[in-house]
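Please keep the sequence and the model open while reading.

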Amino acid sequence: MIDPFGRHVTYLRVSVTDRCDFRCVYCMAEDMTFLPKRDLLSLEELDRVCTAFVEKGVRKIRLTGGEPLVRKGIMTLVASLGRHLRSGAMEELTLTTNGSQLARHAAELALHGVRRINVSVDTLDDAKFKAITRWGELARVKDGIRAAQAAGLAIKINAVALKGVNDAEIPEMIRWAHGEGMDLTLIETMPLGDIDGDRTDQYLPLSVVRAGLMDRFTLEDITYKTGGPARYVRVKETGGRLGFITPLTHNFCESCNRVRLTCTGTLYMCLGQEDAADLRAPLRASEGNDLLNAAIDEAIGRKPKGHDFVIDRRRNKPAVSRHMSVTGG
Ligand code: SAM
Ligand code: SF4
């Protein structure tokens with residue numbers, strides 16, 4: 001699949017549920033209304049759409065959400081997508097998780113061919129963790145991380161940089177993650193969806209974080225790339241990798257290789273744009289995949305050149321009205 005700007009689309013992110021057992025302050029309001037279950041694609045339908053994408057050249061699938069591991073029966077989907085790894089049609093199957101259910105699922109993920117996962121941890125302080133996630137428990141996430149390590153999964157920690165919340169802790173998080181053999185990626189908050197509160201209060205530019213880190217660490221530029229928007233450095237003192245995802249201050253759209261499928265079968269060609277294509281109707285209209293394939297081709301044909309995120313201080317409105325839990329980040 002090649003889009004109008006010559007970019008090969010080889011990466012599909014799939015939000016398998018909009019539900020979550022946490023309520024992170026930058027992601028959701030506390031009293032979120034979730035989609036009625038009947039609107040969701042079944043696990044079989046998710047497999048069918050993913051397989052159509054693999055047949056069209058997608059080499060990597062990331063399951064996300066909401067919290068992917070709270071979707072009932074999710075391991076059935078992981079097991080069935082694992083066949084594309086074994087056949088060589090797909091290179092990587094991975095997921096982004098908050099880690100709360102990881103202790104139960106880590107061994108099985110590894111069994112089905114998952115090799116690397118991303119776990120989101122914004123702080124190492126129990127009370128702050130509770131304040132940020134509202135409903136989460138850090139000890140449980142750490143248990144999940146240990147189980148994943150024991151199962152042989154490589155782990156990347158994702159941390160959202162939050163002004164006045166975890167900024168002072170970032171050096172400690174670097175030492176912790178790297179000490180455990182995990183990469184760490186810092187993410188700027190993105191203006192997606194209404195939350196209870198003011199985003200301009202939370203926004204912390206990573207250029208500021210990076211400048212602060214340079215007083216304590218030697219950051220060496222490296223060419224390591226995962227095909228995503230993160231730019232990596234090696235921290236000389238720890239030997240570990242540190243990534244920066246800066247959607248608001250750095251434009252990475254020119255090398256974008258991804259599209260995003262929601263749990264209702266809507267395909268977003270760009271995280272920062274409203275334009276979308278419905279794949280559920282063509283999927284359900286017939287047993288064969290002709291209509292589905294045509295809808296995918298048509299959607300890829302209008303993948304936009306880039307996003308226009310901006311945290312608007314005057315309007316204080318999200319640039320994109322849907323929540324991150326719908327498209328999965
Ligand atoms: N529940 C899983 C988790 O937290 O890892 C997967 C879904 S979550 C939406 C994916 C990632 O998006 C997490 O690392 C989370 O911290 C990040 N995220 C959520 N809302 C965000 C926002 N408004 N700006 C930047 N990152 C955000
Ligand atoms: Fe849930 Fe992940 Fe959003 Fe936190 S960031 S509320 S864990 S979906």
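The crossing in which α1 passes α10 is right-handed, a crossing being right-handed if the near helix is turned clockwise from the far one by less than a right angle, and left-handed if anticlockwise. Helices (H or I, at least four residues) and strands (E, at least two) are DSSP runs, numbered from the N terminus. Helix α1 covers residues 43-55 and packs against α10 at about 60°, the axes lying 11 Å apart. Axes here are lines fitted to C-alpha atoms, for helices over the stretch in contact, and angles run from 0 to 180 degrees between N-to-C directions. The angle makes α1 oblique to α10; under 35 degrees counts as roughly parallel, over 145 as roughly antiparallel, 65 to 115 as roughly perpendicular, and the rest as oblique. From α1, Arg-48, Val-49, Ala-52 and Phe-53 meet Leu-292, Asn-293 and Ile-296 of α10, where contact means heavy atoms within 4.5 Å. By class this contact has five nonpolar residues, one polar and one charged. Ala, Val, Leu, Ile, Met, Phe, Trp, Tyr, Cys and Pro count as nonpolar, Asp, Glu, Lys and Arg as charged, and the others, Gly among them, as polar.

The model is predicted: local features need pLDDT of at least 70, side-chain atom pairs count only at pLDDT 80 or more, and totals for chains, interfaces and linings use all residues. Residues are numbered from 1 along each chain as its sequence is written, chains are lettered from A and ligands numbered from 1 in the order in which they are written, and side-chain values use heavy atoms, with hydrogens and water left out.

Helix α1 also packs against α2, at an angle of about 25° and with the axes 10 Å apart. That makes α1 roughly parallel to α2. On the α1 side the contact is made by Leu-43, Leu-46, Asp-47, Cys-50, Thr-51 and Val-54, and on the α2 side by Ile-74, Thr-76, Leu-77, Ser-80, Leu-81, Arg-83 and His-84. These residues divide into seven nonpolar, four polar and two charged. The crossing of α1 and α2 is right-handed.

A further pair is α3 (residues 102-111) and α5 (residues 138-150), which pack at about 15° with axes 8 Å apart. The two are therefore roughly parallel to each other. Leu-102, Ala-103 and Ala-106 of α3 make the contact with Asp-143, Gly-144, Ile-145, Ala-147 and Ala-148 of α5.

What surrounds the residues in the loops? Pro-68, in the loop between β2 (60-64) and α2 (74-86), is buried, with a relative accessible area of 0%; buried means under 20%, exposed over 50%, and partly exposed in between (1.4 Å probe, protein chains only). Beyond its neighbours within four places in sequence, Pro-68 is in contact with Val-16, Thr-17, Leu-63, Ile-74, Leu-95 and Thr-96.

His-112 lies in the loop between α3 and β4 (116-120) and is buried at 14%. Leaving aside neighbours within four places in sequence, His-112 is in contact with Met-75, Val-78, Ala-79, Gly-82 and Leu-85.

Arg-302, in the loop between α10 (290-300) and α11 (324-327), is partly exposed at 29%. Arg-302 and Asp-3 are 299 residues apart in sequence, yet 7.2 Å apart C-alpha to C-alpha.

Around ligand 2 are Cys-20, Phe-22, Cys-24, Cys-27, Met-28, Gly-66 and Asn-98, each with a heavy atom within 4 Å of it. This shell has five nonpolar, two polar and no charged residues.
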